[in-house]
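Here are a few friendly notes to read alongside the structure. Take your time and find each residue as it comes up.

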Amino acid sequence: MSLRIPKLKISNCIVAFLSSALQAFGMYNIHALSGVTEGGIFGLILLLDHWLGLSPAITSLILNGACYALGWRTLGRDFIGYSLVASCGYSAAYALCELFPPLWPQIANMPLTASIAGAAFIGIGAGLCVRAGGATSGDDALAMSLSHLTRVPIQWLYLISDLTVLTLSLTYIPLRRIAYSLLTVVLSGQLIGLIQRIPGKRK
(Lines give C-alpha, C1' and ligand atoms only; values in the text may rest on other atoms or scores of the structure.)
Protein backbone atom coordinates (compact mmCIF):
# COMPACT_ATOMS: atom_id res chain seq x y z
CA MET A 1 0.00 0.00 0.00
CA SER A 2 1.46 3.37 -1.02
CA LEU A 3 1.91 6.10 1.54
CA ARG A 4 0.15 9.27 0.40
CA ILE A 5 1.25 12.51 2.03
CA PRO A 6 -1.76 14.70 2.92
CA LYS A 7 -2.13 17.83 0.78
CA LEU A 8 -3.12 20.29 3.48
CA LYS A 9 -4.41 23.79 2.80
CA ILE A 10 -2.41 26.54 4.50
CA SER A 11 -5.57 28.43 5.47
CA ASN A 12 -7.05 25.34 7.12
CA CYS A 13 -3.79 24.69 8.97
CA ILE A 14 -3.82 28.24 10.32
CA VAL A 15 -7.43 27.86 11.51
CA ALA A 16 -6.65 24.49 13.10
CA PHE A 17 -3.59 25.89 14.87
CA LEU A 18 -5.26 29.07 16.15
CA SER A 19 -8.49 27.35 17.21
CA SER A 20 -6.54 24.87 19.34
CA ALA A 21 -4.53 27.76 20.80
CA LEU A 22 -7.85 29.35 21.78
CA GLN A 23 -8.77 26.17 23.64
CA ALA A 24 -5.41 26.08 25.41
CA PHE A 25 -5.92 29.68 26.55
CA GLY A 26 -9.30 28.77 28.03
CA MET A 27 -8.01 25.60 29.67
CA TYR A 28 -5.13 27.42 31.39
CA ASN A 29 -6.96 30.58 32.42
CA ILE A 30 -10.35 29.03 33.27
CA HIS A 31 -10.61 25.26 33.59
CA ALA A 32 -7.30 24.53 35.32
CA LEU A 33 -7.81 27.45 37.70
CA SER A 34 -11.48 27.10 38.58
CA GLY A 35 -11.73 23.37 39.16
CA VAL A 36 -14.40 23.16 36.47
CA THR A 37 -13.19 20.39 34.20
CA GLU A 38 -14.07 18.85 30.86
CA GLY A 39 -14.82 15.27 29.97
CA GLY A 40 -12.81 13.13 27.56
CA ILE A 41 -9.18 13.87 26.81
CA PHE A 42 -9.32 17.44 28.12
CA GLY A 43 -10.62 16.28 31.50
CA LEU A 44 -8.05 13.48 31.65
CA ILE A 45 -5.28 16.00 30.95
CA LEU A 46 -6.40 18.09 33.93
CA LEU A 47 -6.69 14.95 36.08
CA LEU A 48 -3.09 13.97 35.29
CA ASP A 49 -1.95 17.53 35.92
CA HIS A 50 -3.57 17.53 39.38
CA TRP A 51 -2.48 14.10 40.65
CA LEU A 52 0.84 13.57 38.87
CA GLY A 53 1.93 17.13 38.14
CA LEU A 54 2.27 16.35 34.43
CA SER A 55 2.16 19.44 32.25
CA PRO A 56 -0.81 19.54 29.84
CA ALA A 57 1.66 20.76 27.23
CA ILE A 58 3.16 17.25 27.29
CA THR A 59 0.21 15.00 28.16
CA SER A 60 -2.04 16.56 25.52
CA LEU A 61 0.50 15.72 22.82
CA ILE A 62 0.95 12.12 24.05
CA LEU A 63 -2.73 11.29 24.62
CA ASN A 64 -3.93 12.93 21.44
CA GLY A 65 -1.15 11.26 19.47
CA ALA A 66 -2.21 7.85 20.77
CA CYS A 67 -5.85 8.49 19.80
CA TYR A 68 -4.89 9.71 16.35
CA ALA A 69 -2.75 6.62 15.81
CA LEU A 70 -5.71 4.43 16.71
CA GLY A 71 -7.98 6.31 14.31
CA TRP A 72 -5.48 6.62 11.45
CA ARG A 73 -7.29 4.28 9.09
CA THR A 74 -10.79 5.36 10.09
CA LEU A 75 -10.32 9.13 9.84
CA GLY A 76 -8.07 9.42 6.82
CA ARG A 77 -4.73 11.11 6.28
CA ASP A 78 -5.99 14.65 5.66
CA PHE A 79 -8.01 14.64 8.89
CA ILE A 80 -5.02 13.32 10.82
CA GLY A 81 -2.79 15.96 9.26
CA TYR A 82 -5.01 18.86 10.33
CA SER A 83 -5.51 17.27 13.75
CA LEU A 84 -1.77 16.99 14.31
CA VAL A 85 -1.42 20.67 13.44
CA ALA A 86 -4.13 21.42 16.02
CA SER A 87 -2.47 19.22 18.65
CA CYS A 88 0.86 21.00 18.18
CA GLY A 89 -0.93 24.34 18.37
CA TYR A 90 -2.57 23.40 21.64
CA SER A 91 0.70 22.19 23.23
CA ALA A 92 2.65 25.23 22.07
CA ALA A 93 -0.03 27.66 23.25
CA TYR A 94 -0.38 25.99 26.65
CA ALA A 95 3.39 26.00 27.14
CA LEU A 96 3.36 29.73 26.34
CA CYS A 97 0.50 30.35 28.77
CA GLU A 98 2.44 28.59 31.54
CA LEU A 99 5.08 31.32 31.32
CA PHE A 100 2.58 33.85 32.69
CA PRO A 101 0.20 33.98 35.68
CA PRO A 102 -3.54 33.43 35.00
CA LEU A 103 -5.25 36.55 33.68
CA TRP A 104 -8.36 36.25 35.86
CA PRO A 105 -7.58 34.40 39.14
CA GLN A 106 -10.90 35.52 40.68
CA ILE A 107 -12.75 33.12 38.39
CA ALA A 108 -11.72 30.32 40.77
CA ASN A 109 -14.54 31.53 43.02
CA MET A 110 -17.07 31.87 40.20
CA PRO A 111 -17.85 28.31 39.03
CA LEU A 112 -20.96 29.20 37.03
CA THR A 113 -19.11 31.91 35.12
CA ALA A 114 -16.16 29.55 34.67
CA SER A 115 -18.36 26.78 33.28
CA ILE A 116 -19.99 29.09 30.73
CA ALA A 117 -16.79 30.90 29.71
CA GLY A 118 -14.85 27.64 29.58
CA ALA A 119 -17.52 26.07 27.38
CA ALA A 120 -17.23 29.03 25.01
CA PHE A 121 -13.47 28.58 24.56
CA ILE A 122 -13.72 24.81 24.17
CA GLY A 123 -16.82 24.81 21.97
CA ILE A 124 -15.77 27.61 19.63
CA GLY A 125 -12.21 26.30 19.33
CA ALA A 126 -13.31 22.74 18.57
CA GLY A 127 -16.05 23.83 16.20
CA LEU A 128 -13.73 26.02 14.13
CA CYS A 129 -11.11 23.30 13.94
CA VAL A 130 -13.61 20.69 12.77
CA ARG A 131 -14.80 23.08 10.05
CA ALA A 132 -11.16 23.35 8.95
CA GLY A 133 -11.00 19.57 8.58
CA GLY A 134 -9.43 18.40 11.85
CA ALA A 135 -10.05 18.06 15.56
CA THR A 136 -8.47 19.82 18.52
CA SER A 137 -8.24 16.66 20.63
CA GLY A 138 -8.13 12.90 20.28
CA ASP A 139 -11.73 12.56 21.53
CA ASP A 140 -13.10 12.50 17.99
CA ALA A 141 -10.51 10.01 16.75
CA LEU A 142 -11.03 7.73 19.73
CA ALA A 143 -14.82 7.80 19.60
CA MET A 144 -14.92 7.18 15.85
CA SER A 145 -12.45 4.30 16.10
CA LEU A 146 -14.31 2.62 18.95
CA SER A 147 -17.61 3.08 17.15
CA HIS A 148 -16.13 1.40 14.08
CA LEU A 149 -14.81 -1.52 16.13
CA THR A 150 -17.78 -2.05 18.47
CA ARG A 151 -20.69 -0.74 16.32
CA VAL A 152 -21.82 1.31 19.33
CA PRO A 153 -23.36 4.66 18.23
CA ILE A 154 -20.72 7.37 18.49
CA GLN A 155 -22.83 9.70 20.66
CA TRP A 156 -22.92 7.06 23.41
CA LEU A 157 -19.15 6.68 23.28
CA TYR A 158 -18.74 10.43 23.75
CA LEU A 159 -21.12 10.32 26.71
CA ILE A 160 -19.37 7.32 28.28
CA SER A 161 -15.99 9.02 27.87
CA ASP A 162 -17.16 12.27 29.47
CA LEU A 163 -18.95 10.57 32.36
CA THR A 164 -15.95 8.30 33.07
CA VAL A 165 -13.52 11.20 33.29
CA LEU A 166 -15.92 13.35 35.31
CA THR A 167 -16.47 10.47 37.74
CA LEU A 168 -12.69 10.09 38.19
CA SER A 169 -12.48 13.86 38.67
CA LEU A 170 -14.59 13.47 41.82
CA THR A 171 -11.31 12.40 43.47
CA TYR A 172 -10.20 16.04 43.51
CA ILE A 173 -13.22 18.11 42.50
CA PRO A 174 -16.26 18.55 44.82
CA LEU A 175 -19.57 17.17 43.60
CA ARG A 176 -21.08 20.64 43.19
CA ARG A 177 -18.27 21.62 40.83
CA ILE A 178 -18.75 18.42 38.83
CA ALA A 179 -22.30 19.65 38.21
CA TYR A 180 -20.81 22.80 36.69
CA SER A 181 -18.50 20.58 34.66
CA LEU A 182 -21.50 18.73 33.27
CA LEU A 183 -22.91 22.11 32.25
CA THR A 184 -19.63 22.88 30.47
CA VAL A 185 -19.71 19.57 28.60
CA VAL A 186 -23.30 20.12 27.45
CA LEU A 187 -22.75 23.77 26.42
CA SER A 188 -19.48 23.12 24.57
CA GLY A 189 -21.08 20.25 22.66
CA GLN A 190 -23.98 22.45 21.61
CA LEU A 191 -21.59 25.20 20.48
CA ILE A 192 -19.68 22.75 18.32
CA GLY A 193 -22.95 21.68 16.72
CA LEU A 194 -24.05 25.27 16.13
CA ILE A 195 -20.75 26.19 14.45
CA GLN A 196 -21.03 23.17 12.16
CA ARG A 197 -24.50 24.32 11.07
CA ILE A 198 -23.32 27.80 10.08
CA PRO A 199 -23.77 28.12 6.29
CA GLY A 200 -20.54 28.33 4.38
CA LYS A 201 -17.81 26.32 2.72
CA ARG A 202 -16.27 23.62 4.87
CA LYS A 203 -13.46 21.13 4.45
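1. Let's begin with a term: a residue is called buried when its relative accessible area is under 20%, and exposed when that value is over 50%. Please keep in mind that this is a predicted model.

2. Now the overall picture. The protein chain has 9 helices and 0 strands. Its C-alpha atoms fill a box of roughly 55 × 35 × 35 Å along the principal axes. A compact globule of 203 residues would have a radius of gyration near 17 Å, and the 16 Å of the protein chain agrees with that.

3. How much of the chain is buried? Of the 203 residues in the protein chain, 45% are buried. The chain exposes about 10,300 Å², and carbon and sulfur atoms supply 72% of that area.

4. Next, look for the aromatic rings: the structure holds 3 aromatic pairs. In one of them, Tyr28 and Tyr94 have ring centres 5.5 Å apart and planes at 90°, so this pair is edge-to-face. It links distant parts of the chain, as Tyr28 sits in helix 1 (residues 10–34) and Tyr94 in helix 5 (residues 77–97), 66 residues apart.

5. Tyr90 and Tyr94 are both in helix 5, 4 residues apart, about one turn of the helix. Together, Tyr28, Tyr90 and Tyr94 form one aromatic cluster.

Note on methods:
Residues are numbered from 1 along each chain as its sequence is written. This is a predicted model: local features need pLDDT of at least 70, side-chain atom pairs count only at pLDDT 80 or more; totals for chains, interfaces and linings use all residues. Side-chain values use heavy atoms; hydrogens and water are left out. Helices (H or I, at least four residues) and strands (E, at least two) are DSSP runs, numbered from the N terminus. The radius of gyration is taken over C-alpha atoms; the globule rule is 2.2 Å times the number of residues to the power 0.38. Buried means under 20% relative accessible area, exposed over 50%, partly exposed in between (1.4 Å probe, protein chains only). Accessible areas come from the Shrake-Rupley method with a 1.4 Å probe; for residues, only the protein chains shown count as cover. Rings of Phe, Tyr and Trp (its six-membered ring) pair if their centres lie within 6.5 Å; planes under 30 degrees apart count as stacked, over 60 as edge-to-face and the rest as tilted.
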